[in-house]
Amino acid sequence: MRKREITRQTIEAYSQWLYQNEKSPATIQKYRHSLELFSQYAKGRPVSKELVLKWKEQLRERMAPGTVNGALAALNGFFRYKHWEDCVVKLIRIRKRVYCLEQKELSREEYTRLVRAAKDAGNERMVMVLQTVCVTGMRISELKFITVESLEKRAVEVECKGKIRTVFLTASLCQALRQYAQIRQITRGALFITRSGRPLDRSNIWREMKQLGHQAGVEPEKVFPHNLRHLFARTYYSQEKDLLRLSDILGHSSINTTRIYTMESGGNHIRQLENMGLMVDMGRENAGTGDMNGNSIDVEPDWIEG
């Protein structure tokens, strides 16, 4: 039986196959990264389910379950492409979380501090990147579609994951982007580009955001590009309460994905429970016959139900 290996050549061939099947550049990049990590772990050993399971256990010791599942999904996709079905492993079962983690939730005030830190550092590009993502709810990978020409239409045609949607730009955002284009002497084409003229990618923005987070005094676990999109979603939903419309705006295939974006924090839920005032103060005289403001209330007989 021929030795099963994951080499640079097989990773490249698989990446080309993904491209031909119209997978997004971001997806291809993530899959490549996971395959390269596993190849480094294997160190030339033949690929087997036993080896993959050992790698899975190693990942679980140092990564979040969702991150581990992303790496395993990339590996499983490669195995199916190579017809190595016996190497496919199960993903980690993650119990659905009802509330988001408050320590990872970026607040409006913290977002404002990031923008001001970018301004103080003279980083006009990041000033506009942060605001553009947060005002529109766009993905970082979709920033390349914002062009000088699109500012006149106040709308951007975005293509992502095989779908095209329209992202509208507010008047104030368009005005700020026009000023940015003038300062950078960009007269046509994409606005957010590197010095070499290539579109900004997630790694560029991630690195600069981390630096700004330190300067702005924002906890590192809250500072990542996608959190701006989450802030947009929470703000929109709290104002409009229209989950279906928000799903369309964000370009989600499933409304269940949008529900994740709009999850409130556990701390906020606790505050809502406290405000209901249903806890009886047992230290008061005649407790149980008055409401939380001390007003008399009728007590129903024990036999009355529901």
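**Entry 1. Overall make-up**

I counted 13 helices and two strands in the chain; helices (H or I, at least four residues) and strands (E, at least two) are DSSP runs, numbered from the N terminus. The model is predicted, so local features need pLDDT of at least 70 and side-chain atom pairs count only at pLDDT 80 or more, while totals for chains, interfaces and linings use all residues. Residues are numbered from 1 along each chain as its sequence is written, and side-chain values use heavy atoms, with hydrogens and water left out.

I looked up burial next: 38% of the 306 residues in the chain are buried. Buried means under 20% relative accessible area, exposed over 50%, and partly exposed in between (1.4 Å probe, protein chains only). Of the contacts with a separation of 6 or more, 56% join residues 24 or more positions apart; contact means heavy atoms within 4.5 Å.

**Entry 2. Helix 1 against helix 4**

I checked how these two helices meet. Their axes come within 11 Å and cross at roughly 90 degrees. Axes are lines fitted to C-alpha atoms, for helices over the stretch in contact, and angles run from 0 to 180 degrees between N-to-C directions. Helix 1 is therefore roughly perpendicular to helix 4 (under 35 degrees is roughly parallel, over 145 roughly antiparallel, 65 to 115 roughly perpendicular, the rest oblique). Helix 1 brings Thr10, Ala13, Tyr14 and Trp17 to the contact, and helix 4 brings Ala74, Gly77, Phe78, Tyr81 and Lys82.

**Entry 3. Aromatic pairs**

I found 13 aromatic pairs in a search of the whole structure. Rings of Phe, Tyr and Trp (its six-membered ring) pair if their centres lie within 6.5 Å; planes under 30 degrees apart count as stacked, over 60 as edge-to-face and the rest as tilted. I took tyrosine 14 and phenylalanine 78: their ring centres are 5.4 Å apart and their planes stand at 85 degrees, so the pair is edge-to-face. Tyrosine 14 is in helix 1 (residues 8–20) and phenylalanine 78 in helix 4 (residues 65–82), so the pair ties together parts 64 residues apart in sequence. Both residues are buried. Ring pairs link Tyr14, Trp17, Phe78, Phe79, Tyr81 and Trp84 into a cluster.

**Entry 4. Charges over rings**

I noted arginine 45 over the face of tyrosine 41, at 5.1 Å from the ring centre. Lysine 241 lies over the face of tyrosine 237, at 5.6 Å from the ring centre. The test asks for NZ of Lys or CZ of Arg within 6 Å of the ring centre and within 35 degrees of the ring normal.

**Entry 5. Glutamate 219**

I located glutamate 219 in the loop between helix 9 (202–216) and helix 10 (226–240). Its relative accessibility is 43%, so glutamate 219 counts as partly exposed.
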